[in-house]
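This briefing is intended for a reader meeting the structure for the first time. Please keep the sequence and the 3D view at hand while reading.

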Amino acid sequence: RYSLFSNHLKNIEQSEGGLDKFTKSYKTFGVNQLLEGGIYCKEWAPGAEAVFLAGDFNGWNPFSHPYKKLEYGKWELYIPPREDGCPAVLHGSKLKVVIRAQNGALLYRISPWARYVVREEDKVNYDWVHWNPPQSYIHKHPSPKRLKSLRIYESHVGIASPEGKVASYKNFTYNILPRIKDLGYNCVQLMAIMEHAYYASFGYQVTSFFAASSRYGTPDDLKEMIDVAHSMGITVLLDVVHSHASKNSEDGLNQFDGTDSCFFHSGYRGNHQLWDSRLFDYANWEVLRFLLSNLRMWIKEYRFDGFRFDGVTSMLYHHHGIGTGFSGDYHEYFGLHVDEDALCYLMLANHMINFLHPECITIAEDVSGMPALCRPVAEGGGGFDYRLAMAIPDKWIQIIKELKDEDWNMGNIVHTLTNRRYEEKYIAYAESHDQALVGDKTLAFRLMDAEMYTNMSVLTPLTPVIDRGIQLHKMIRLITHALGGEGYLNFMG
């Protein structure tokens with residue numbers, strides 16, 4: 001595994017001029033404005049017969065601006081500034097990449113590198129809007145120093161309001177961040193920031209990887225939100241989804257160049273049965289460029305302080321963890337069922353973040369317990385700083401569902417809370433969005449259920465159900481915080 005990683009790193013140094021340059025590809029791919037006002041466009045569409053750019057700037061003429069074909073399936077286009085010196089593509093104008101597929105069909109696509117996509121009220125699909133404001137938000141506050149003790153508030157901008165609407169970045173900045181600070185948390189983990197067409201997927205079916213979700217506001221609103229969090233000394237983590245991508249083709253990555261593959265494996269290997277989504281081909285050079293540049297863009301442009309990688313178990317194994325129980329036996333982690341390309345990508349990602357942005361933190365959502373996932377890459381590990389202690393919330397649900405209070409076994413509870421690999425750091429939690437949202441109940445509802453609606457008030461007498469529920473709720477959190485790991489997480493819901 002380590003030699004596979006070193007070979008990749010050596011190839012990047014030799015062919016791309018180093019990791020720093022390779023991971024800044026978001027500055028050349030997509031549509032970027034140059035200093036003299038010209039527009040430089042670049043795409044990777046290996047299966048396309050021809051590529052064009054259409055939009056408001058050329059009256060949606062699909063053929064007036066053809067891309068020139070380069071080697072390795074890349075295409076480029078330069079649009080000079082207009083006679084008055086203004087850029088040909090104005091800020092806020094709509095664009096589409098037009099792909100002529102091998103069967104001759106014309107496909108209108110959003111660039112995989114698009115920075116801003118919006119959906120109008122009466123439409124189903126998202127539109128790509130060229131985002132290049134004359135004055136972008138400038139960060140005023142330095143990023144906080146790397147934390148020794150993480151207390152994470154896992155949050156979702158859209159549900160951060162008592163009103164029945166999708167809340168905004170501005171609301172989060174001015175109403176929620178002060179509360180998070182006041183409650184004693186020192187880190188916010190943001191869900192559902194990468195653009196996703198289906199709101200109910202809670203951000204886990206990503207359509208545009210480089211676009212901050214427009215349903216909460218503009219990219220500048222998000223930059224301001226992170227800046228204000230930094231002014232309070234709060235570290236901000238992004239919940240990053242590189243384990244799979246939405247099947248949408250009109251406004252997603254799927255079939256971008258008209259073929260079944262491109263960014264993904266073709267056929268059976270490229271589809272996730274349970275999630276109904278596409279799976280990346282991590283062995284592909286351009287996919288590595290895309291995903292590594294994606295992480296770099298969120299750090300450089302938005303100033304995120306690190307990532308929680310979603311669905312790491314699905315990435316690590318060819319079986320994606322489907323129908324597999326992990327007992328901790330070593331044959332489960334070493335063998336042909338491990339997807340070494342995906343593991344190598346995670347090692348590269350963590351090495352890149354550690355090398356170029358040493359203050360950043362990475363957390364793995366891995367339920368399998370892959371050994372050394374949270375040890376440095378130099379030791380042959382996966383390079384993550386922490387992993388989520390995913391057995392703990394399951395244990396609490398099992399106890400509350402199956403046992404009477406007097407049958408709780410302290411030895412068994414303590415074993416579950418302390419059962420972790422030596423020298424690997426864990427983030428402990430009693431419940432997260434997985435428990436609170438995904439067709440399940442929060443611990444408070446499991447303990448108190450219907451009485452939460454009628455007896456949670458100083459105006460009504462304290463009932464035994466509420467009394468027991470609140471006491472157990474506090475004790476569960478206390479012992480989880482104390483024994484469960486080197487960091488602690490709580491979900492806003």
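The model is predicted. Two packed helices are described by the angle between their axes and the distance between the axes. The helix pairs are presented in those terms, and the residues that form each contact are then named.

**Helices H3 and H4**

- Helix H3 spans residues 169–182 and helix H4 spans residues 219–231; the two pack at an angle of about 15°, with their axes 8 Å apart.
- H3 and H4 are roughly parallel to each other, because an angle under 35 degrees is counted in that way.
- The crossing in which H3 passes H4 is left-handed.
- On the H3 side, the contact is made by Tyr169, Lys170, Phe172, Thr173, Tyr174 and Leu177.
- On the H4 side, the residues in contact are Asp221, Leu222, Glu224, Met225, Val228 and Ala229.
- By class, the contact of H3 with H4 comprises 8 nonpolar, 1 polar and 3 charged residues.

**Helices H8 and H9**

- Helix H8 covers residues 391–402 and helix H9 covers residues 410–418; their axes lie 9 Å apart, and the packing angle is about 160°.
- H8 and H9 are therefore roughly antiparallel to each other, since angles over 145 degrees fall in that class.
- H8 passes H9 in a crossing that is right-handed.
- H8 contributes Ala391, Ile392, Lys395, Trp396 and Ile399 to the contact, while H9 contributes Asn412, Ile413, Thr416 and Leu417.
- The contact of H8 with H9 divides into 6 nonpolar, 2 polar and 1 charged residues.

**Helices H1 and H5**

- Helix H1 (residues 2–16) and helix H5 (residues 285–300) have axes that come within 13 Å and cross at roughly 90°.
- H1 and H5 are therefore roughly perpendicular to each other, as angles of 65 to 115 degrees are classed in this way.
- His8, Asn11, Ile12, Ser15 and Glu16 of H1 make the contact with Trp285, Leu288 and Arg289 of H5.
- In the contact of H1 with H5 there are 3 nonpolar, 3 polar and 2 charged residues.

**Asn171 in helix H3**

- Asn171 belongs to helix H3.
- Asn171 counts as buried because its relative accessibility is 18%, and the cut-off for buried is under 20%.
- The side chains of Asn171 and Asn175 are joined by a polar contact of 2.7 Å.
- Leaving aside residues up to four places away in sequence, Asn171 touches Ala160, Ser161 and Ile176.

**The loop between strands S14 and S15**

- Gln255 is located in the loop between strand S14 (235–240) and strand S15 (271–272).
- Cys262 is also placed in the loop between S14 and S15.
- Gln255 is not a glycine, yet it has a positive phi of about 55°.
- Cys262, likewise not a glycine, has a positive phi of about 60°.
- Gln255 counts as partly exposed because its relative accessibility is 33%.
- Cys262 is buried, because its relative accessible area is 5% and the limit for buried is under 20%.

**Lys441, between helices H10 and H11**

- Lys441 lies in the loop that runs between helix H10 (433–436) and helix H11 (443–448).
- With a relative accessibility of 37%, Lys441 counts as partly exposed.
- The side chains of Lys441 and Asp449 are joined by a polar contact of 3.3 Å.
- Not counting residues up to four places away in sequence, Lys441 touches Gln435, Arg446 and Asp449.
- Lys441 and Glu431 are 10 residues apart along the chain, and their C-alpha atoms are separated by 9.8 Å.

**Lys145, between strands S9 and S10**

- Lys145 is found in the loop between strand S9 (127–129) and strand S10 (150–156).
- Lys145 counts as exposed because its relative accessibility is 65%, and exposed means over 50%.
- The C-alpha atoms of Lys145 and Ile234 are separated by 9.7 Å, and these residues are 89 positions apart along the chain.

Methods:
Residues numbered from 1 in each chain as written. Predicted model: local features only at pLDDT ≥ 70, side-chain atom pairs only at ≥ 80, totals over all residues. Heavy atoms only, no water. Helix = DSSP H or I, 4+ residues; strand = E, 2+ residues; numbered from the N terminus. Buried < 20%, exposed > 50% of the residue type's maximum accessible area, 1.4 Å probe, protein only. Axes fitted to C-alpha atoms, helices over the stretch in contact; angles between N-to-C directions. Left-handed = near helix turned anticlockwise from the far one by under 90°. Contact = heavy atoms within 4.5 Å. Nonpolar A, V, L, I, M, F, W, Y, C, P; charged D, E, K, R; others polar. Polar contact = N/O pair within 3.5 Å; in protein donor to acceptor, adjacent residues only side chain to side chain.
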